[in-house]
Amino acid sequence: MNETISMEVPGSLSDYIPVYSPKTIVWGLQKPSKTSKSKDHQECLGKRLALWKNGNIEELIREGRTIQRRLVQFHRKKDAPQNTAKLFAKLVMEEQINSALRYLTESDYGGVLSLTDDVMRQLQEKHPNAQPAKLGSLLFGPAEDVHESIYSEITGGMIREAALRTKGAGGPSNVDAHGFQRILASKSFKKSSSDLCDALALLTRRLCTDEVRPIGVGEVLRRIIGKCVTKVLKQDIVESSGSLQVCAGQKSGSEAAVHAVYNLFQHEQTDAVMLVDASNAFNSVNRAAALHNIRVLCPTLAPFFIYPYRLPARLFVAGGKELVSAEGTTQGDPLAMSMYALSLQPLISQLQAATQVNQCWFADDATGCGSLDDVRQWWDTLQSSGPDLGYFPNAVKCWLVTKPEKEESARKIFEGTGINITTEGRKHLGAALGSRPHLEQYVDSKVDEWVGQVCGPLAEQIKQQTHELPCDDAVQEAQQEARREKNEYLKSRYAEVKSSLPVNMLRAVDLATQEGASSWLTVLPLRLMSFDLNKREFRDALGLRYDWEIPETPSICVCGDTFDADHAMICKRGGFVIQRHNELRDLEAELLSLVCKDVQTEPVLQDITGEELNRGAHTARDARLDIVARGFWERQRQAFFDVRVCHANAESYRDMNIDQIFRQHETEKKRQYARVLEVEQATFTPLVFGSTGGMASECQQFHSKLAELIAEKKGELYSTTVSWIRAKVSFAILRSALLCLRGSRSPRRAHVNIYDNDFEIKKQRPNIF
């Protein structure tokens, strides 16, 4: 279903676009055919805009339907494993992990219902006619004027952050949350992305102040805007909803409600707990009363509700039929929960004043605790006052949980109400409420469910534990002992595995266990972040990782030596070794630019003018280092960095372990550039990497410091930031290694420019006939 939206904006725009449906936009932007080009798209779009401007919407819709019928629809075959694997991989690479898992586990019983008369009747029942607000349901009080400065916190940056936190499928425009994240947060669009965020922030502020109706309730853009409004006005919403309605954003509200109701039920003065549910709750709220009361309860949020809901919304059903949403909240509204919580606040206050029952609410799920007479009075008040606000208790779905000795009295007091009565217990907000046997049965069922997910002995040990908590010293001692046993087992297992490996494989395993060397293998293969590999790249990466033979490689290199993986990593023909170095240099410089000023690549060092340097130092006049940044290790002090990539599997390193190889290169770099300390009065850090992953100790310290600075600046967790940096570095090294392995080192042929040649002259000179 799609909602028709009217734009009530001043000026000529309201004349240009009076009324439209989001689905009309989709049809207006679709390709005319599967093989159409950019020129065809421009011509077609111009014609459609002309139809739109002239108000010929029917012609535009007819064209869209014609194209839709001609397009070949793709029907997925569930019995084709290759199709399943292909679509699953596509969803994972697009970062839609939940959608990928649902695709594998979805049932054949889901999907969209066919539009029959019975389905249409049910939809109409879900959308009742508008009811007038009754005097007894209205609140009276001053409606405060809200200054627009309250919404000044809604900026382009907030829109971008909200977009990054938004998930879900697309609305009528078919642009999902992932698409809006790329549009609003990607660096590829540069200033255009930030300008769009600023424009959306302005639109959000206007939605809260001016008479502008939102564009499409089901749109991702509306969800982003709703997140921003909720973030700014969250405290107002929580305070206006009260402490008894825990669905408005109270921190740990549901958990507090569960413990409070459980403790109240154990109290000797409590005879029973009533669990109430309402029929068609969100669609039945009296909209007129809700909009009036929200102006009194939460004036800062009132404009955002009044402008979308003051007129009924037209809902179009696929198949040519139409519904009207005149009551309640519209399906997909991101602030529906806030509106519902505020709309029931007068009812909750009335019940609190009229009865002695202790009550708690989560949206339409109401809970009342007390004596049987008080609970019956609370139920009668709820039945009489609830419908005025659009709350219709459904006795068939309501349960009265009583204590065993009060069951007979409860059945007499609630006779004829249709309420279910039990002494065992029921679920309350996802937790067990009732007798001790019911609680144990509920917990046992959960434990039995977990047994299939954890190992058998561990599950049995958990089930046999006593309910008495040990002292802290015993817990710490047990934890230390468990860690000690685990470490000893892992060490023995590690030594056992290493002793069974051949010599060449042993070196490969040592390299693979270096810090960050396995990051490319553990991250999700997201195409957007360039973390994906094709099948040959993945196989080659595994071959390099474990020093396996790489298939389909030449036997002789163009330089004349025997070609294998080790030779490919050090052969300078083709320029791939230099390109590998430059790739890491540019990546580190880009990361440094996030937190440092005056970042340069290949800075020229100052000339030597009589300074005495150690033997082996680089004293050339044009000496350069890879990177210089100011303020990394110390404030306002320059820090120089030089990148080196070494191949630890080279024949010259066979008698050295990995740490010795890295330390040798670090020492050599420091000796060569001691002039940085003496002449530049700056710091110097060698960044030594392995050709297939891993890095030296000082390089690890550098990345730890870099992650700390980036995390502090961006407000992210250190663990997340350092993992992201290691993944970026790991893929840079891996892709460079794959280029060295598969890149062409053949000499380039001379380019012949045939366009500037005079063939008559060329023919005469060599006497060509």
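Student: In this predicted model, what makes helix 25 (residues 535-546) roughly perpendicular to helix 31 (residues 718-742)?

Tutor: Helix 25 and helix 31 pack at an angle of about 95°, with their axes 10 Å apart. Angles of 65 to 115 degrees count as roughly perpendicular, so helix 25 is roughly perpendicular to helix 31.

Student: Which residues meet where helix 25 packs on helix 31?

Tutor: From helix 25, Arg536, Glu537, Asp540, Ala541 and Leu544 take part; they meet Leu734, Arg735, Ala737, Leu738, Leu741 and Arg742 of helix 31. The residues of this contact divide into 6 nonpolar, no polar and 5 charged.

Student: What makes strand 7 (358-362) and strand 10 (420-422) stand at the edges of their sheet?

Tutor: The open sheet has 5 strands in the order 7-8-4-9-10, with mixed pairing. Strand 7 and strand 10 each have a single partner strand, so one side of each is left without a neighbour in the sheet. The twist averages 15° from one strand to the next.

Student: How do you know that strand 4 (residues 272-276) and strand 9 (residues 399-402) pair?

Tutor: Pairing needs at least two bridges. Strand 4 and strand 9 have 4 bridges, in the antiparallel sense.

Student: Which strands does helix 18 (residues 372-385) lie across, and what is its angle to strand 4?

Tutor: Helix 18 lies across strand 4, strand 7, strand 8 and strand 9, and runs at about 20° to strand 4. Angles under 35 degrees count as roughly parallel, and about 20° falls within that range.

Terms used
Residues are numbered from 1 along each chain as its sequence is written. This is a predicted model: local features need pLDDT of at least 70, side-chain atom pairs count only at pLDDT 80 or more; totals for chains, interfaces and linings use all residues. Side-chain values use heavy atoms; hydrogens and water are left out. Axes are lines fitted to C-alpha atoms, for helices over the stretch in contact, and angles run from 0 to 180 degrees between N-to-C directions. Helices (H or I, at least four residues) and strands (E, at least two) are DSSP runs, numbered from the N terminus. Angles under 35 degrees count as roughly parallel, over 145 as roughly antiparallel, 65 to 115 as roughly perpendicular and the rest as oblique. Contact means heavy atoms within 4.5 Å. Ala, Val, Leu, Ile, Met, Phe, Trp, Tyr, Cys and Pro count as nonpolar, Asp, Glu, Lys and Arg as charged, and the others, Gly among them, as polar.
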